[in-house]
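Me: I would like to go through this structure feature by feature. Please give the general idea each time, then the case at hand.

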Amino acid sequence: MSERVLENNEVQVIGKVITETRFSHKVYGEGFYTFDIEIPRLSDSFDTVPVTVSERLLTGANDILGKIFKISGQFRSYNQYEEGKNRLILTLFVLNIEEVEEKELSKNANTLHLKGFVCKNPVYRTTPFGREITDILLAVNRSYHKSDYIPCITWGRNARYANNLKTGDAIEVWGRIQSRTYQKKLESGEVIQKIAYEVSISKMEITEENNKIEE
């Protein structure tokens, strides 16, 4: 993986494992596992983030529930066919992982840096309380001619700024991975609770990149 691609997508978090590990898939004989971590916010709430890690990086895969890890990696996406349509799945792909003491959670570590291209024109809106929000879908180039498609959300002054972006604009953003729960009504009428993941942007800039999105 080239340094340039690594610089496009950098994440660092510290969180507590809140689920058992689950086998995900195998690539060229290398097994990958998934689990969820809980990352504290300054507001005393938490973000729940799905993690994907190679068996080569994670020892004792069946005995990590409740442990605290410092993780460096990338926020990645892939498509999953579900309920008759493709669904964008997001995960924190681990490049380095180390167990740390519980006191490290107080650092509220959840930082992200992305360089990418706007996939479609941003959507600007205001909440019933007058708060300004703009949604951006960002394509971030990855190795082997692939791209990750990352939903991002901006607030206030950044939201007004982002509203002027157009499809194809190259931007650089800093922020954190955010989770939020929502309710979905099924065809049967049953209402279930689901979790959505996105990047909450704290800073953004237009860049002079000339690279195209890699399909």
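**Confidence first**

Reply: Residues 210–215 have a pLDDT that stays under 50, and the model has 17 contacts beyond four places in sequence for this stretch. This is a predicted model, so confidence is the place to begin.

Me: What is the average pLDDT of the protein, and where is confidence lowest and highest?

Reply: The protein averages a pLDDT of 90, with 93% of the residues scoring at least 70. Confidence is lowest in helix H1 (residues 3–8), where the mean is 71. The highest value, 97, belongs to strand S1 (residues 9–17).

Me: Which residues touch the most other members of the largest nonpolar core?

Reply: A nonpolar core is read as a set of buried residues joined through side-chain atoms within 4.5 Å. Here the largest such core has 35 residues, and Phe35, Ile37, Ile71 and Phe75 touch the most other members.

Me: What is Ile71 in contact with, leaving aside its neighbours within four places in sequence?

Reply: The contacts of Ile71 are Val11, Gln12, Val13, Ile37, Val51, Leu92, Val94, Asn96 and Ile97. Of these, Ile37 is also named with Ile71 among the core residues that touch the most other members.

Me: How many aromatic pairs does a search of the whole structure find?

Reply: The search finds two aromatic pairs. Ring pairs are read from the distance between centres and the angle between planes; an angle over 60 degrees counts as edge-to-face. Phe23 and Tyr33 are 5.7 Å apart centre to centre with 85° between the planes, which makes the pair edge-to-face. Phe23 belongs to strand S2 (residues 22–27) and Tyr33 to strand S3 (residues 30–40), so this pair ties together parts 10 residues apart in sequence.

Me: How are the rings of Phe32 and Phe93 arranged?

Reply: Their centres are 6.0 Å apart and their planes are at 35°, so the pair is tilted. Phe32 lies in strand S3 and Phe93 in strand S6 (residues 85–99), so the pair ties together parts that are 61 residues apart in sequence. Both Phe32 and Phe93 are buried.

Me: How many salt bridges are there?

Reply: Side chains of opposite charge can pair when their charged atoms come close. In this structure the count comes to 12 salt bridges. One of them joins Glu104 to Lys107, with the closest N and O atoms 2.7 Å apart. Glu104 is buried, at a relative accessible area of 18%, whereas Lys107 is exposed at 54%.

Technical notes
Residues numbered from 1 in each chain as written. Predicted model: local features only at pLDDT ≥ 70, side-chain atom pairs only at ≥ 80, totals over all residues. Heavy atoms only, no water. Buried < 20%, exposed > 50% of the residue type's maximum accessible area, 1.4 Å probe, protein only. Contact = heavy atoms within 4.5 Å. pLDDT = per-residue confidence, 0-100. Helix = DSSP H or I, 4+ residues; strand = E, 2+ residues; numbered from the N terminus. Salt bridge = Lys/Arg side-chain N within 4 Å of Asp/Glu carboxyl O. Phe/Tyr/Trp six-rings, centres within 6.5 Å; stacked < 30°, edge-to-face > 60°.
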